[in-house]
Amino acid sequence: MFGGQQAHALTSLLTESDPPKFPFLTLLVSGGHTLLLLAYSPTKFKILATTVDSAIGQAIDSVARLLKLSWHDEHGNLIGAGAALERLAASSPPGVSIPTIKPFPVAFPNLLSFSFAGPKGEVNRMLGKLPPDAVDQDEGLRIAIARGFQEAAFGQLEEKVKLALRWCDKRGVKVNGLVASGGVASNMYLRERLTLALRENPEEPIPLICPPPQLCTDNAVMVGWAGLYRFLVKDHDPFDIDLKPTWSLEDLSSEDVTPSGRPSPHKSESMATSERPPFNNEPSFKYTQSPNPGFKPVSGLKGSPFAEEWIKQGEEAGFTVVDPKTTAPGYFNVVNSDPPIVSVSFTVSAAGTKKKDTCNNILTNKTFTVNIISEPFVEAANWCAVDSPANVDEWYGSGLTKEKSTVVEPPRVKESAFSLECELYQSIELKHPDKPPGGILVLGLVKMIHVRNDVLIHPSNHPNPTAGSVPREWTVDPSKLRAVSRMGGITYGRIGEGFEVPRPVWAEVKDNYDGRGVAGEH
């Protein structure tokens, strides 16, 4: 199995007289992808960062259109949106005054995650405040906006590369180079920025390797080379392999996938080999500020760039609504899959008489929603734990937004990327035999699931996809969901790392028993 992403990542092995040695980083930036990869071998890759919304090439195309740029040079030759924007940003026409504009917001600082909806949206908002012909009349303004966008977009790439290098260094991975490929990698200003970033440590500078501009975009040469490389090392696929429109680079090795092309829960060589960093047995838990330390009741998430960017991305991404009759949730306090049941619990006062308002509402109305809390709005959600009188509207104080549910009366939280609409299935009093009830366990029958599209991993490579609905097998990307965990008291945690433990298969391990430890055998 191989595709365009792998071909881009391996192009430098063909074009360079002194090709990079594994492992090396690959920055794939094009109209369809924005990926930062750690390449361990021609078929072993670790995805360090990807985009939560637009690919950088898509964002460049959009900005070029907003600035009404011609995609042709002065001779009428087609050069494309990226080259047109690069030329405009680099230009300094005599007599043209170029204004200073406010720097664009930074997306996900200090996190290995890309977002280009922000810079693209900033250009749109900036132009929306101007007269319709402002772009046509003011060449200096066009240049300033082009420079501001490039600075934000390429600055983000530079920052993530530095973060990736630190990630590798922390895990003892020596990076032998950075390969920048894809159409956007032909931008000379980007190459300058990356070259400077790789010289941050002058004692151990890391080389930047870029294919010739004509091989940066999609081309048959790179695909042929990737195929030839695999052929020469006798890396072949069976003839009955499934064809898929998309395939994660992390799933390229055939021994790690099921016949349908999915990672096997029972066997994954990469789980145990050196391609993955070793388990960190020296945890580095530390306390930091909360995501939005400036949160104020009622004003909610306004004024927080982190939260506002999260909300904006959600509005652009939209939601997928999933009927649990066809797809059972396998996440978040699920106690059964068919019927799909989730659990929530509430404490009761010491006397066993006073229940929490939320508990009373569920027991009275028989319906409720479960909304997963993500980092960008944790303070707003936490405000709902205030010990206010029953007549106080906690929605108002939190600043969160009500979103109409599909089949139940209580609203969803619009800011939540994963919500469940539930019907009361059963409530159980939890009590000591000699004491009043100390808690209530509520079991909810899931009636509908809402998942934000930019956190849902759509199995577009499903062997039998169904248009208009989500196939049976789908997952939520934890790096994009950014769910928080409650650790006791007022301490909350964030998800940083994960590992896989394959399930043993009895047919493969039973010989280890030699008849011992099995009932009825000696």
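**Salt bridges, a nonpolar patch and a helix crossing**

Met487 comes out as partly exposed, at a relative accessible area of 48% (buried is under 20%, exposed over 50%, and partly exposed in between, with a 1.4 Å probe and protein chains only). The model is a predicted one, so to speak of local features takes a pLDDT of at least 70 and side-chain atom pairs count only at pLDDT 80 or more, while totals for chains, interfaces and linings use all residues. Residues are numbered from 1 along each chain as its sequence is written, and side-chain values use heavy atoms, with hydrogens and water left out.

Met487 sits in the loop between strand E16 (484–486) and strand E17 (492–494); helices (H or I, at least four residues) and strands (E, at least two) are DSSP runs numbered from the N terminus. Together with Phe285 and Tyr287, Met487 makes a nonpolar surface patch of about 410 Å². Patch members have over 30% relative accessible area and no salt bridge, with nonpolar side chains (Val, Leu, Ile, Met, Phe, Trp, Tyr) joined within 5 Å and like charges within 9 Å. The areas are Shrake-Rupley values with a 1.4 Å probe, and for residues only the protein chains shown count as cover.

On the charged side, the whole structure holds 14 salt bridges, each a side-chain nitrogen of Lys or Arg within 4 Å of a carboxyl oxygen of Asp or Glu. One of them joins Arg494 to Glu375, with the closest N and O atoms 3.2 Å apart. Arg494 belongs to strand E17 and Glu375 to the loop between strand E9 (367–371) and helix H12 (378–383), so this bridge ties together parts 119 residues apart in sequence. Arg494 is exposed at 53% relative accessibility, whereas Glu375 is buried at 6%.

Arg142 and Glu139 also pair up, at 3.0 Å from N to O. They are three residues apart in helix H6 (residues 139–170), about one helical turn. Here Arg142 is buried, at 16%, and Glu139 is partly exposed, at 30%. Glu204 and Lys174 form a salt bridge at 3.8 Å between the closest N and O atoms, and both residues are exposed. Glu151, Glu158, Lys162 and Arg193 are linked in a salt-bridge network.

As for helix packing, the axes of H2 (residues 56–66) and H3 (residues 80–90) come within 9 Å and cross at roughly 60 degrees. That makes H2 oblique to H3, and the crossing is left-handed.

Notes
Axes are lines fitted to C-alpha atoms, for helices over the stretch in contact, and angles run from 0 to 180 degrees between N-to-C directions. Angles under 35 degrees count as roughly parallel, over 145 as roughly antiparallel, 65 to 115 as roughly perpendicular and the rest as oblique. A crossing is left-handed if the near helix is turned anticlockwise from the far one by less than a right angle, and right-handed if clockwise.
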